[in-house]
Amino acid sequence: MTVTQQTTFSLTEAEVEQFERDGFLGPIKIYEVEEMEERWKTVQRQLRDRSHAIYPVGSGKASSISNYDRHLDIDLLSEHIMKREIVDRVASLLGPDLLCWRSEFFPKYQGDEGTDWHQAATFAHASGTPQIVWPSEDGRPAFGGTVTVWTAFTHSTKENGCLQLMPGTHKVMNYDESKGMEYNAEAANSQEKDGIKRGFFGYDYRQLQKDPNWKPDESQAFPLVMKPGECVIFWSTLMHASLPHTGTKKDYRMGYAARFVPTQVQVYPGTDEVSEYGGGIVLDKYGTVLVSGEDTYGHNRVAKESQRGFQFTPHQQS
Ligand SMILES: O=C(O)CCC(=O)C(=O)O
Ligand SMILES: [Fe+2]
């Protein structure tokens, strides 16, 4: 794996080794608590204004995918995915030529189930079509996945549904994302798995298990408590989940995940529309964002600026 030249926020060799061993790094402070809280208030207000959003609003559960990629129309989110504190670190892991291909909100409100244990290499799990495809090496597909930077926009605690991780589980896939899952919005918030209320936003991730009799080993898991403004960087192929929200109404948790791949990866190859989570989006206004380096492959549409004219000027790692 490439260790890029040292810049202000690039990782040390020891941190890169730790990431390769454990599959994650963090929590890492990106914003002061007060700054994050201010930013989140503003973003929250701006999320409601969809006049420049690239996907139209969906109904019910489908609304979550209509809030994909709001970094393409909300300045504070455009700035967030370009932040050197994030980009330099991810470049230390994936090399200097980097795309942000997706961002997503992950809320947990009072009574919400936890997120199922899962791993994602192609992101075909819900739509049935791979959303990211790495080049094949010697005719074999390389080990896929994306580096996710999940930032706590609010406090993230054991009571309000913080993430859980299983260190070191990112090198073996327990799931086959091509199997397909049944969508059933009504099934949400109704199932216990090993005594913990969990689901996957209307899906049951267990349907993708390679071995139907296998069970995630909860004893390997730990809860990742985070303050507003802290992030965790992890391979999407790391076993990850979250706890149910058993706390009070006021104390919701909000995570914002930005996903990165190197420029040699094909994003949404051969795909114009995505149907998943009971909703659908059309990719006509979609573009990846080159956050660092250059794109010599030209596999993907690259947005030069956001829908509001925010300039995506890639950082140089030197
Ligand atoms: O926030 C959660 O509960 C799940 C997040 C997740 O699965 C992801 O960022 O890939
Ligand atoms: Fe995930």
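This is a predicted model: local features need pLDDT of at least 70, side-chain atom pairs count only at pLDDT 80 or more; totals for chains, interfaces and linings use all residues.
**Close-up views of the pocket, the ligand and the cavity**

View 1. Strand β2 gives the most to the lining of the largest pocket, contributing six residues. This strand runs over residues 98-108, and it is one of several elements, namely α2 (33-47), α3 (63-66), β2, β7, β13 and β14, that each supply at least two residues of that lining. In total 47 residues line the largest pocket, and those that lie nearest its centre are S64, F105, F106, P107 and F201. When the lining is sorted by class, 22 of its residues are nonpolar, 14 are polar and 11 are charged. The space within the largest pocket comes to about 1000 Å³.

**View 2. Ligand 1 and the shell of residues around it.** By class, the shell around ligand 1 is made up of five nonpolar, five polar and three charged residues.

**View 3. Polar side chains beside the oxygen atoms of ligand 1.** In the side chain of T115, an N or O atom is 2.7 Å from an oxygen atom of ligand 1. For R253, the distance between a side-chain N or O atom and an oxygen atom of ligand 1 is 2.8 Å. R259 also takes part in this picture, with a polar side-chain atom that lies 3.1 Å from an oxygen atom of ligand 1. Taken on its own, ligand 1 has 290 Å² of accessible area, and the protein covers 97% of it.

**View 4. The largest cavity and the residues that line it.** How many cavities of 30 Å³ or more does the structure hold? The structure holds one such cavity, and the volume of the largest cavity is about 40 Å³. Its lining consists of Y31, M36, R39, V43, L76, L77, H80 and F153. Two helices, α2 and α4 (75-82), each supply at least two residues of this lining. Sorted by class, the lining of the largest cavity has six nonpolar residues, together with one polar and one charged residue.

Conventions:
Residues are numbered from 1 along each chain as its sequence is written. Chains are lettered from A and ligands numbered from 1 in the order in which they are written. Side-chain values use heavy atoms; hydrogens and water are left out. A residue is near a molecule or strand if one of its heavy atoms lies within 4 Å of it. A polar contact is a pair of N or O atoms within 3.5 Å; within protein, one must be able to donate a hydrogen and the other to accept it, and residues adjacent in sequence count only if both atoms are side-chain atoms. Accessible areas come from the Shrake-Rupley method with a 1.4 Å probe; for residues, only the protein chains shown count as cover. Helices (H or I, at least four residues) and strands (E, at least two) are DSSP runs, numbered from the N terminus. Ala, Val, Leu, Ile, Met, Phe, Trp, Tyr, Cys and Pro count as nonpolar, Asp, Glu, Lys and Arg as charged, and the others, Gly among them, as polar. On a 1 Å grid over the protein atoms alone, a cavity is a set of points where a 1.4 Å probe fits but cannot get out, and a pocket is an open set with protein on both sides within 12 Å along at least five of seven lines; lining residues have an atom within 4 Å of a point. Grid points are joined across faces, edges and corners, and a volume is the space filled by probe spheres set on the points.
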